[in-house]
Amino acid sequence: MNWRRPAISIWNIKIVGIPLSGYNFYEKLKSWWTQSSLCNAMGMIRFMLPCLFCLENCKERDRKISEEQSHRENNGDDERTENLASQSNEQSEQCCGSNGICSHEVLRDGDRDSASKVDPNKFARKASFKLSWWCKGDQSDQHKHDIVSFERGNITTAERSSKQISLKWESQPQTVIILTKPNSTSVRILCAEMVRWLREQKKLDIYVEPHVRAELLTESSYYNFVHTWKDETEIMLLHTKVDLVVTLGGDGTVLWAASMFKGPVPPVVPFSLGSLGFMTPFHSERYREYLDSILKGPISITLRHRLQCHVIREAAKNEYETEGPILVLNEVTIDRGISSYLTNLECYCDNSFVTCVQGDGLILSTTSGSTAYSLAAGGSMVHPQVPGILFTPICPHSLSFRPLILPEHVTLRVQVPFNSRSHAWASFDGKDRKRLAAGDALVCSMAPWPVPTACQVDSTSDFLNSIHDGLHWNLRKTQSFDGPRDT
């Protein structure tokens, strides 16, 4: 006979019309096996393998249930709940890693619908999307690979790739937050115009900063529909409501937008209205065209990695007693501040000694920040999608001290030794300056939450255009063609 593998459910298995469940499965299956003479041996083996697998699951599950019931009778429900939560966390870490997100997670309509019924007064659920990489120039989908797909529209982890990453919306974006450069009349006018267009033409819910909402209401009561937040608690929950972030300003506005999101960051659309534009490829004059294309998708994005920093004081009892985490998109700088003495910094990489920095200080930079302070200190310009950490000294008192580029998976520790003549100072993206006394240490590693920024063309084209336009990289007059030549 030609047996095919049947569809089997653990708790309701039917063999020749007999429903089986739990422990009864084994006895009846054995009886049926001895009485049956119609099946050939190979066919039965093919049939029994999945059944025996399900049998072991049944036994294991029943055993756990009986143990939990006995445990609950002796120790109460609270302890049982803690044990179940612990088991769930262990399984989650085994499947998903420390970040708790599986790269093979798929969208489930049922889960989304049930989540949306929790509170009818909430905003529409977040837009979901899928990330994939592709090779430029490939006409077919053979080299396309989905690398991550999330139900709630949060990029919390993604496979590092040197290829271009594409974002495709799987449900329509509903909520946009607009962040603006302060004290700019042109930006304020553009913001009001963009808010009106997004509301009337795209029917989107819009968030702005509290002072921007006050300015809009001063101009007209029409902007009453605009939302804002009141305190830090509401800012921490913005990523659960917002599908898209629009920035109006320069690179500083993009840094400000990234600093607002301590965890997952929605896709950012940066418009150039500032003096620097390494991360702002979109021109404000064509904002309708750009936003219309982005809302429809798919769009190319650049995953800009961030550093996660902790300060460990000398008085800390263990390495877990820290200040932070502090997330930076450009760089963290450790310098000598106003002291006239050289900094003295001991540097370690994954507990291996690297060097002792003697000079004005040290820069630990992301590749997105390679065109900022690190470049001015002699570091190399690096494509923002290259996963790495730049290790750049500031005016080192050694001619052989050259910058390094370290892999993304390392953990760096910079410590002020006890024999240092002065304190050091750490600043994070140019803000939140902290003093590091003798014995204090700064620990940096790659954060699991990148900042996804939309590209006008693709990440490589945008990067090259930015260094040509912003830095006038290698711009010189072409050598005259009518001079001496090789014969």
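Apart from neighbours within four places in sequence, Thr453 is in contact (heavy atoms within 4.5 Å) with Val268, Ser300, Ile301, Thr302 and Arg304. The model is predicted, so local features need pLDDT of at least 70 and side-chain atom pairs count only at pLDDT 80 or more, while totals for chains, interfaces and linings use all residues. Residues are numbered from 1 along each chain as its sequence is written, and side-chain values use heavy atoms, with hydrogens and water left out.

Thr453 lies in strand E23 (residues 451-454); helices (H or I, at least four residues) and strands (E, at least two) are DSSP runs numbered from the N terminus. Its relative accessibility is 1%, and Thr453 therefore counts as buried (under 20% relative accessible area; exposed is over 50% and partly exposed in between, with a 1.4 Å probe and protein chains only). The side chains of Thr453 and Arg304 are joined by a polar contact of 3.0 Å (a pair of N or O atoms within 3.5 Å; within protein, one must be able to donate a hydrogen and the other to accept it, and residues adjacent in sequence count only if both atoms are side-chain atoms).

In helix H5, the buried residues include Val187, Leu190, Met194 and Trp197. Among the elements covering the buried residues of H5 are strand E6 (175-180), helix H6 (210-219) and helix H9 (287-296). The axes of H5 and H6 come within 11 Å and cross at roughly 80 degrees (lines fitted to C-alpha atoms, for helices over the stretch in contact, with angles from 0 to 180 degrees between N-to-C directions).

Most residues other than glycine have a negative phi, and most peptide bonds are trans. Lys203, not a glycine, has a positive phi of about 55 degrees; Lys203 is located in the loop between H5 and E7 and counts as exposed at 62% relative accessibility. The peptide bond from Gly297 to Pro298 is cis, with omega near -10 degrees.
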